[in-house]
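The account below begins at the ligand and then turns to the backbone.

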Amino acid sequence: MHDVEHQITAGAVMRAAVLRALGEAPRCEEVPLPRAAEDEEVVRVTACPLTNLDRARAAGTHFSAPTRLPAVCGASLAAGTLPDGSRVLFRAPGGAMAEWAVTRRAWCSPIPDSVDDAVAAAVQNPGVSAWNALEWRAGLRPGESVLVLGATGVAGQLAVQIAKHLGAGRVVAAGRNPRVLAELPALGADAVVRLDRPDDAVRHALRAAAGDQDFDVVLDYLWGRPAEVFVSTLGSADMELRFSRTRLVQIGVMAGPTLNLSAEVLRSSGLEIVGSGTGNAPPAEVLAGALDQVLGLLADGVLRMEVSRVPLTRVRDVWDLDQRGRRTVLMP
Ligand SMILES: NC(=O)c1ccc[n+]([C@@H]2O[C@H](COP(=O)([O-])OP(=O)(O)OC[C@H]3O[C@@H](n4cnc5c(N)ncnc54)[C@H](OP(=O)(O)O)[C@@H]3O)[C@@H](O)[C@H]2O)c1
């Protein structure tokens, strides 16, 4: 995160979500207005999502946590208006949970007229991530089966819809929140699996949902115990030669940061594990294409997502609030 101090215009202030110590929630405070360098633009922020990445950075548990404090929060793309009046999604290394932020033209993407700023800002991170995980990391082919572990979250719900849109033959949604899980067939899930059950029951349900063949692709937003139980459904005890591939894409760690992995599973199944994140991102043009597609699907009403719009001044009150499948969006 940039040091806000070096961008000060004397006297001018704005409201921003300011983090003073790792492990605390940020407060809405007045800070100096950021000033743009020659190749930068000042953008009027209209909507900034509050994501698990923001929480993990503020908690100091993410590798990209700020090393210099105080810092303005807001690491995901936000929506805003450029000086020429155009509505854009933009990246702001100096933080976007503020009334104003600094960006570059190259980091801005237009928002379609029919997509609201808060929804556009909220969909970008989970939507593009799900798209990349399916297309770029898993190489999903039409007709293949997909399991979404952690399908009740904002990202998981979008992953179910995007997998269907990309031609998955069968999409199974697994999660522990029964209320949200019950809504997932309406988003395209062909079957749901409850994870709030004893391990044996979950193992049995996952095997039954997979059918005769192992899942082709697994998007994992949970890791920890649920992913461990899923992995234990793979592999065979015989020595038959067979070919199978289950491409598991690791995306989030809602259930735990580590996993016990038996070597036997890797030798007796087609399990392949890759991650999806900043260290293996596709080229910029592929990312931009994914964002265009996701925004286009929203504009066409193909993708659905729920947002809760909250004034920026209430950032501290809502920082740890679990929205149960809805994304909180801070409105400056
Ligand atoms: N790598 C990337 O590019 C990328 C992009 C987007 C998201 N992510 C990561 O993906 C994860 C999910 O993101 P999100 O935006 O969907 O989060 P979210 O909207 O906050 O949803 C989290 C979901 O996880 C569920 N959950 C939590 N602990 C669980 C457990 N032990 N077993 C089963 N379900 C559990 C919650 O269910 P309850 O309602 O029951 O609590 C909730 O539905 C996060 O770790 C996020 O950082 C990564």
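The model is predicted. In it, the ligand is surrounded by 20 residues, and the closest of these are Asn-52, Thr-152, Ala-155, Arg-176 and Arg-327. By class, this shell comprises eight nonpolar, eight polar and four charged residues. Domain 1 (4-110 + 303-331) and domain 2 (125-280) each contribute at least three residues to the shell. With regard to secondary structure, at least two shell residues come from each of helix 2 (117-137) and helix 3 (154-165).

One oxygen atom of the ligand lies 2.8 Å from a polar backbone atom of Ala-155, and an oxygen atom of the ligand is 3.2 Å from a polar backbone atom of Gly-153. For Ser-276, a polar backbone atom is 2.9 Å from a nitrogen atom of the ligand. On its own, the ligand has 930 Å² of accessible area, of which the protein covers 84%.

Attention now passes to the backbone. The peptide bond that joins Leu-69 to Pro-70 is cis, with omega near 0°. Pro-70 belongs to the loop between helix 1 (52-59) and strand 4 (71-72).

A further point concerns Trp-223, a residue other than glycine whose phi is positive, near 55°. Trp-223 is placed in the loop that lies between strand 12 (217-220) and helix 6 (224-231). Is Trp-223 buried or exposed? The relative accessible area of Trp-223 is 13%; because buried means under 20%, Trp-223 counts as buried.

Terms used. Residues numbered from 1 in each chain as written. Predicted model: local features only at pLDDT ≥ 70, side-chain atom pairs only at ≥ 80, totals over all residues. Heavy atoms only, no water. Near = heavy atom within 4 Å. Polar contact = N/O pair within 3.5 Å; in protein donor to acceptor, adjacent residues only side chain to side chain. Areas by Shrake-Rupley, 256 points an atom, 1.4 Å probe, with all protein chains shown as cover. Helix = DSSP H or I, 4+ residues; strand = E, 2+ residues; numbered from the N terminus. Nonpolar A, V, L, I, M, F, W, Y, C, P; charged D, E, K, R; others polar. Domains from an automatic or database assignment. Buried < 20%, exposed > 50% of the residue type's maximum accessible area, 1.4 Å probe, protein only.
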